[in-house]
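User: I would like to learn how to read a model of this kind, one feature at a time. Please give the general idea, then the case at hand.

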Amino acid sequence: MKNYSEIQDFLMKEFRFMHFPVAVKFIFKDEELQDFKKNVKDYYVPNKPLTFCQAEIGPRMKGITVLQEKEALGCSNAAYVFGWKGFDEAEVKSHLKYVRDMKQAEKFLLSKPRLEEGKLKAIVVSPLGKTYFDPDVVHFYCDNMQAYQLSVGWMALRDIHPMKPNVTMNSAACAGNVYVYNTKLASTHPACSGSYNAGKTERGETNVVIPGEDIKDLVSWFNERIEKYGSVSIVRPGDEFPGSDVCKNCPLIVFRKGEVAN
């Protein structure tokens, strides 16, 4: 694959994704932000403050690049994860619906993945095929088998097993991306309550987040599978993804080539 556009085309074709993979870039330098604003002619900003998972609707559903700065983020949980607000009692109380008491809410909040406070300037989310930057992470919204295939592929690529998911009591999209950025380890995890309703994951989408530096090598590994087996499928190698949805060893659902008529 020569560029991210080709990588996206490959992934959309071979995995039959409903959503574009989202390239996420965390911007920490003013000059990097100004470079983006000066040189990217076709980007969008939220008309009103949005949650981070709502901002990602732009790239994954509409195919547009979205710039989200601090004032355009309308989610205190994400603001805490991104280091745009500090630890306080109000944030602890906002987690009470998930936990047993204030003490547990405080403990869980303090254990969330987080960027260094006050350092982040902005976040750019774009379809992978239109990314201006090498992405820090690539965020997939996908179904169970797509998530499984991506996860297994990443484990084989990085020689890491098992892959440990990052599941937080909320912040599936924001904390999920920050976890992968901080650790350089992929994660597969369910939607949280906020991303379910606000972030529009009511179809049961699963989050898969891959470190940005791994995405090209991951696609190269999938290409190796195609050369070896004829497809990326690990359900039935050689079948188009996801592979035949047939019970293993079933003696009934078998196909043979038809005879050519004389």
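Predicted model: local features only at pLDDT ≥ 70, side-chain atom pairs only at ≥ 80, totals over all residues.

User: How many helices and strands does the protein have?

Analyst: Helices (H or I, at least four residues) and strands (E, at least two) are DSSP runs, numbered from the N terminus. Here there are 11 helices and 6 strands.

User: What radius of gyration does the protein have, and what would a compact globule have?

Analyst: The radius of gyration is taken over C-alpha atoms, and the globule rule is 2.2 Å times the number of residues to the power 0.38. For 262 residues the rule gives a value near 18 Å, and the protein's 20 Å agrees with that. Along the principal axes, the C-alpha atoms fill a box of roughly 80 × 50 × 35 Å.

User: What share of the residues is buried?

Analyst: Buried means under 20% relative accessible area, exposed over 50%, and partly exposed in between (1.4 Å probe, protein chains only). Of the 262 residues, 48% are buried.

User: What is the volume of the largest pocket, and which residues are closest to its centre?

Analyst: On a 1 Å grid over the protein atoms alone, a pocket is an open set of points where a 1.4 Å probe fits, with protein on both sides within 12 Å along at least five of seven lines; lining residues have an atom within 4 Å of a point. Grid points are joined across faces, edges and corners, and the volume is the space filled by probe spheres set on the points. The largest pocket holds about 190 Å³. Its lining has 18 residues, and Cys53, Cys75, Cys192, Gly194 and Ser195 are the closest to the centre.

User: Which helix gives the largest share of that lining?

Analyst: α10 does, with 4 residues. At least two lining residues come from each of α3 (52-55), α5 (76-81), α9 (172-183) and α10 (193-197).

User: Is alanine 147 buried or exposed, and what does it contact?

Analyst: Alanine 147 sits in helix α8 (residues 144-158). Its relative accessibility is 4%, so alanine 147 counts as buried. Contact means heavy atoms within 4.5 Å. Beyond its neighbours within four places in sequence, alanine 147 contacts Cys142, Thr188, Thr206 and Val208.

User: Where does aspartate 214 lie, and is it buried or exposed?

Analyst: Aspartate 214 is in the loop between β6 (206-211) and α11 (215-229). This residue is buried because its relative accessible area is 8%. Leaving out residues up to four places away in sequence, aspartate 214 touches Trp154, Leu157 and Arg158.

Methods
Residues numbered from 1 in each chain as written. Heavy atoms only, no water.
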